[in-house]
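Please look at the sequence and the structure before reading on.

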Amino acid sequence: MKHTLQLKQAPQFLQTYLKLLWSAWTTTVEHRTYGLAAGFRSPLLWSTQDLGTELAIKEIMSSGGAEDDIPQAERKTVTDFCYLLDKSKQLFNGLRDLPQYGQKQWQSYFGRTFDVYTKLWKFQQQHRQVLDNRYGLKRWQIGEIASKIGQLYYHYYLRTSETSYLNEAFSFYSAIRQRSYYSQVNKEDRPELVVKKLRYYARFIVVCLLLNKMDVVKDLVKELSDEIEDYTHRFNTEDQVEWNLVLQEVAAFIEADPVMVLNDDNTIVITSNRLSETGAPLLEQGMIVGQLALADALIIGNCNNQVKFSELTIDMFRMLQALEREPMNLASQMNKPGMQESTEKPARRENPHKYLLYKPTFSQLYTFLAASFKELPANSVLLIYLSATGVFPSGRSDSEGPYDFGGVLTNSNRDIINGDAIHKRNQSYKEMHCLHPGDLYPFTRKPLFIIVDSSNSVAYKVVHASQDLTL
């Protein structure tokens with residue numbers, strides 16, 4: 001049955017608008033497709049996040065002509081762009097639902113997401129003029145696509161520990177700044193767009209810190225400070241205190257790290273904790289290579305009042321770099337995410353895989369620890385780095401077991417008593433948020449290397465005394 005709609009008595013602009021809405025409803029019901037000529041989804045189905053489709057319709061309505069006046073090739077260009085934009089948002093939002101632990105479940109999904117964003121980025125480059133004229137593409141939207149790609153590379157680095165992906169994230173973030181993609185955001189009366197710009201700066205700073213680009217970091221912090229001042233002056237928002245706290249955190253982080261030394265010619269050199277090809281330590285006499293290899297690491301930060309930025313404390317920052325090699329140029333490598341053929345085997349990972357856990361609860365820590373233990377390859381070692389507040393026993397115990405000397409604190413979402421130490425509410429029970437030495441016993445079935453940076457690290461000597469374990 002073919003639908004018809006009588007529009008002869010309506011004004012011309014209203015005829016165009018009603019035809020568009022009718023086409024959107026009928027085509028969505030019958031074909032479930034996107035596009036200008038084919039029809040958009042009904043306005044009743046628009047989500048607040050679906051900016052691409054909504055803006056495309058607004059552009060047609062403001063063009064002053066009917067949709068038949070638009071060439072077929074240009075209609076198809078905008079249709080394809082809207083589809084890629086919508087698909088990329090769906091895949092990117094789906095990353096939040098992926099499990100944060102495990103090394104296999106997320107790879108195929110990341111590959112599909114990279115593939116769509118690669119197509120979207122190339123498509124907007126090839127059809128920029130049509131998208132500017134017919135879609136109303138703005139520079140901040142291009143910057144948002146580039147920012148998402150930078151986030152993908154950064155999270156791929158977190159998942160794989162391959163430092164080369166940090167360089168890729170830096171390239172996209174740097175391009176946004178050099179091309180001023182967000183420069184026009186401040187002229188629009190939309191605070192949510194300004195927040196996107198502020199978040200971009202914060203993410204860019206994290207990547208630069210990890211790459212030890214301190215000169216760039218200082219420039220970014222100054223620009224971020226100016227942007228926050230302008231943002232809080234123009235909009236009376238509730239997040240003003242939070243953004244000022246971000247500035248304070250990054251300023252303290254820069255002051256604490258990295259370590260700077262003077263050369264013989266009095267020039268300042270920033271030292272790196274990462275391994276370089278020429279800076280690897282020599283093996284001690286009698287050491288045998290190849291028996292065990294460090295394959296996985298849990299880096300846990302749960303100290304109170306410690307210097308941090310985002311969810312990266314200063315000790316986590318130093319330790320993760322100590323487990324990495326200096327980044328290489330990814331362009332020289334063949335195994336790009338999303339570009340790798342299914343028949344090819346992934347290249348051997350140079351750096352051990354890492355989990356960065358900022359103030360995890362006991363159950364979260366145990367979940368990640370169990371996942372690492374399960375996937376640990378043969379002849380490999382699991383490293384646990386614990387930087388946490390000490391938990392001390394409240395009184396002298398008759399026994400001296402692995403649960404009688406206290407341990408370190410996991411996140412309990414309650415106030416700490418007496419600063420660095422936490423005491424039990426009820427002395428008849430063990431502290432339920434404490435990671436006791438005995439909690440690590442099940443994982444000593446495989447090679448385990450533990451580093452405890454805490455005021456109560458001495459409690460873990462009981463593990464070394466009773467288990468075949470390196471502490």
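Leaving aside its neighbours within four places in sequence, which residues is E144 in contact with?

## Basis of the model

This is a predicted model, in which local features need pLDDT of at least 70 and side-chain atom pairs count only at pLDDT 80 or more, while totals for chains, interfaces and linings use all residues. Residues are numbered from 1 along each chain as its sequence is written, and side-chain values use heavy atoms, with hydrogens and water left out.

## The surroundings of E144

Apart from those neighbours, E144 is in contact (heavy atoms within 4.5 Å) with Y182 and K196. The side chains of E144 and Y182 form a polar contact at 2.8 Å; the term denotes a pair of N or O atoms within 3.5 Å, where, within protein, one must be able to donate a hydrogen and the other to accept it, and residues adjacent in sequence count only if both atoms are side-chain atoms.

E144 lies in helix 6 (residues 139–160); helices are DSSP runs of H or I with at least four residues, strands are runs of E with at least two, and both are numbered from the N terminus.

An open sheet is formed by four strands in the order 6-3-7-12, with parallel pairing; two strands pair if DSSP finds at least two bridges between them. Strand 6 (353–358) and strand 12 (448–453) each have a single partner strand, so one side of each is left without a neighbour in the sheet.

Strand 7 (residues 380–388) pairs with strand 12 over six bridges, in the parallel sense. L386 stands opposite V452 in strand 12.
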